[in-house]
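Morning. I have one model to go through today, and I will take it a piece at a time. Please keep the sequence and the structure in view.

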Amino acid sequence: MLTSPSPRSLLCNSVDELRAWLHCHGRGPAKLLKQAHARLLRHGLDEDSFLLNLLLKSLFESGCTAHASLVFSLAPSPNLHLCNTAVRGLVNGAQWLQAVRLYREMRTLGMSPNNFTFPFVLKACARLSDLELGKNIHANLFKSGLDRDVHVSTSLVGVYAKCGRLTTARALFEEMPAPNVVSWTAIISGYMEEGRLEEALALFERMLRLGLEPDSFTLVRVINACAQLGNSLAGSEIHRLVEEKGALCNVFVATALVDLHAKCGDMERAREVFDRMPHRDVVTWSTMVGGYAANGLPREALAVFELMEKEKVEPDEFTVLGLLSACAKIGALELGRSYSARLDRRAFLCNPILGTALIDLHAKCGSAGGAWAVFAAMEIKDVVCVNATISGLAMNGHTKLCFALFAAMERSGLRPNHNTFVGLLCACTHSGLVQEGRRLFEGMTRVYGVAPKVEHFGCMVDLLGRTGLLEEALGLVRSMPVAPNAVVWGALLSGCRLHRNAAMAEQAAERLVELEPGNSGNYVQLSNLYASRGRWAESAALRRRMQRKGIEKLPGCSWIEFGGAVHEFKAGELSQHPLREEIGGKLEELGREMRRRGYVASTEVVLFDVEEEEKEATLGHHSEKLAVAFGLVVVPVGEVVRVVKNLRVCADCHEAIKLVSEISGREIVVRDTNRFHCFNRGSCSCGDFW
Ligand code: ZN
Ligand code: ZN
């Protein structure tokens, strides 16, 4: 902390005192520095190059770039020393063009720039991607022999790397007799910018083997490389290195580590680093919020944001993006809206990324109207934003609007991309439009030049499977130019389940177990299939295999937003809930009325219909039933009860909720992993087709 300069010290007349004051208060407030300049002029000291240089340096360091430029331009006869101070100040103040202009003036005036000038001018060249000037300087350096200076040659490497001449940069680097850490960081950064991450990491390893100590810049770079690669193994190595060097107290390094673990899907380790950080900035917090949201832990994302609020850190765009994505996952529309209000509404309408997140939130919360309203107000409607709207409308069953928007998109000259077709094919799937789907699938290559990817095949298999065209679906899977993934086989399995083709279902489920050996759902489905066909031994063997591998089932979980909070329900778990009696009473009351109307819980369905939740758990207490009962207790009459489930809604719950909507006269919306179900007056918007 600098002691604040007393105004009295500025009133003194002695030159020595002025000199001393400038020395001590070099980074003083701008106003005082400007006063000091006025006094230099008044005393006719502006030709004292030492004082002038000191003042110029202080002004640049205090961020008064404009005033510094003025002082420099008023200097009667700037020498090389003063010019160097100006070049350095301009570069540090990100005034790249001005710095380059000054360098050119120096040359015109016949000055000979030295090893204090070049690193900075070259940095400006790199920033401006001015390869011509870079080459020109390189030639001069070569003549003067200055290219052997490690700082100068490192800057040259930076220029070539930034201008996309990685081969030249690498050759220069390899010629350096003793590259330092900055040199290594420059070449590593060059490889990273070209997306050659593996090579960047290899260079880093070579640097370590040579016994060089990475600094925080190098560490941040290589940690980012690991994060982008999702390479948790190399990431852990670097994490260890960071610990050894005690670099965890550096906020940039530690934040990069948090991001690395989050990108590798390990939120526990991310949290561990986060909790140990002595300083965190808004980027650190946003990384945690976004990390939890991206890793399917929406409630943790919201909880960490609460902590952030307590510590009085102002959220930025990235924080809000993470929050919106978390809210979209749990269907918390009101909460998401209140978070979005943290930013100016214009920020959303001008920024396609933020706008798209808001559209997505509305769509995923079942508010197609809200999604459309945001889309209509967007100032820049880019293809990402249109695609989000098409998908949102599709998800909510507004097929006609989807195609209308697609037509408008074509008229406006915006080129559809592969995501556009994913949205449109989804729309066809949700409405069972086989003809349109086939036409679109075929037309995307022929008319729009977009080759179908595995996602598009997934949509088509889904569409054909749901409509019962199982042989055609299987034929399509076999004709795929790329290997079918779990989504494709999963779609086929859904079709088989719906149309009771156990033999083909078995085939699909077997492939799923191969493709995703860690996914519990696949084992359960296949073992249930074996059981349904009387192949008990195989069923039991599969269960044992699952146990041996230590694969745990994903517990069924439903969320409902009420009173500014998100309430979570797990299958069969009600004992801890403060409203357990009311919810239990509601379930009993509904159960009685349902039985009176002839409803029987269908356990047969559970067996073949490939229940994803533990079938032993009483059907009556599946998480979505608990959440719906809670909603009926607390949500005021006339308002929609909105529930989100983390698995596919089971056939029994689907039947039950249809009846509940009739008995209670309430509208109930349940979003599962596949789609929205809007239950009203005893029927569902999906037409029992999901
Ligand atoms: Zn259920
Ligand atoms: Zn439904």
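Two strands are said to pair here if DSSP finds at least two bridges between them. With that rule, strand β4, residues 668-671, and strand β5, residues 676-680, pair in the antiparallel sense, over 4 bridges. Bear in mind that this is a predicted model.

I will stay with that pair for a moment. β4 and β5 form a hairpin, with 4 residues between them. One of the facing positions is V669, whose bridge partner in β5 is C678.

β5 then goes on to β6. These two also pair in the antiparallel sense, over 2 bridges. F679 has C684 as its bridge partner in β6. This is again a hairpin, with 2 residues between the strands, and R681 in the turn has a positive phi of about 45°.

On the side chains: in a regular strand they alternate between the two faces of the sheet. In β4, I668 and V670 point one way, while V669 and R671 point the other way. Buried or exposed, these four of β4? All are buried.

β4 also has a partner in β3, residues 641-645: 4 bridges join them, and the two run parallel. V644 stands opposite R671 in β4.

At the other end of the sheet, β1, residues 557-562, is joined to β2 by 6 bridges, and those strands run antiparallel. There, F562 stands opposite A565 in β2.

Putting the strands together, what is the order in the sheet? It is β2-β1-β3-β4-β5-β6, an open sheet of 6 strands with mixed pairing. β2 (565-570) and β6 (683-684) are at the edges and have a single partner strand each, so one side of each is left without a neighbour in the sheet.

Now the overall picture. The C-alpha trace spans about 105 × 55 × 55 Å along its principal axes. There are 690 residues, and 50% of them count as buried. Taking contacts between residues at least 6 apart in sequence, 63% join residues at least 24 apart.

From the helices I have picked α16, residues 251-263. With 13 residues at 1.5 Å a residue, α16 should span 18 Å, and its end C-alpha atoms are 18 Å apart, which agrees.

How many of the residues of α16 are buried? The count is 11 of 13, so to speak mostly covered. Among them are V251, V253, L257, D259 and H261. What do the buried residues of α16 pack against? The helices in question are α14 (216-229), α15 (232-245), α17 (267-276) and α18 (282-294).

Both ends of α16 have a feature to point out. N250 caps the N-terminal end, with a side-chain oxygen 2.8 Å from the backbone nitrogen of F252. Just after the helix, G265 takes a positive phi of about 80°.

Next, the rings. A pair of aromatic rings is described by the distance of the centres and the angle of the planes. The structure holds 10 such aromatic pairs. One of them is F406 with F421, which is edge-to-face, at 6.0 Å centre to centre and 70° between the planes. F406 lies in helix α26, residues 399-411, and F421 in helix α27, residues 418-431, so the pair ties together parts that are 15 residues apart in sequence. F406 and F421 are both buried.

The charged end of R280 sits over the ring of F274, 4.3 Å from its centre. K381 lies over the face of F375, at 5.5 Å from the ring centre.

Last, a single residue. N140 lies in helix α9, residues 131-144. Why does N140 count as buried? Its relative accessible area is 18%, and the cut-off for buried is under 20%. Leaving aside neighbours within four places in sequence, N140 is in contact with Y103 and R107.

That is what I have for today.

Technical notes. Residues are numbered from 1 along each chain as its sequence is written. Chains are lettered from A and ligands numbered from 1 in the order in which they are written. Side-chain values use heavy atoms; hydrogens and water are left out. The expected span of a helix is 1.5 Å times one less than its number of residues. Buried means under 20% relative accessible area, exposed over 50%, partly exposed in between (1.4 Å probe, protein chains only). Contact means heavy atoms within 4.5 Å. A polar contact is a pair of N or O atoms within 3.5 Å; within protein, one must be able to donate a hydrogen and the other to accept it, and residues adjacent in sequence count only if both atoms are side-chain atoms. Rings of Phe, Tyr and Trp (its six-membered ring) pair if their centres lie within 6.5 Å; planes under 30 degrees apart count as stacked, over 60 as edge-to-face and the rest as tilted. A charge sits over a ring if NZ of Lys or CZ of Arg is within 6 Å of the ring centre and within 35 degrees of the ring normal.
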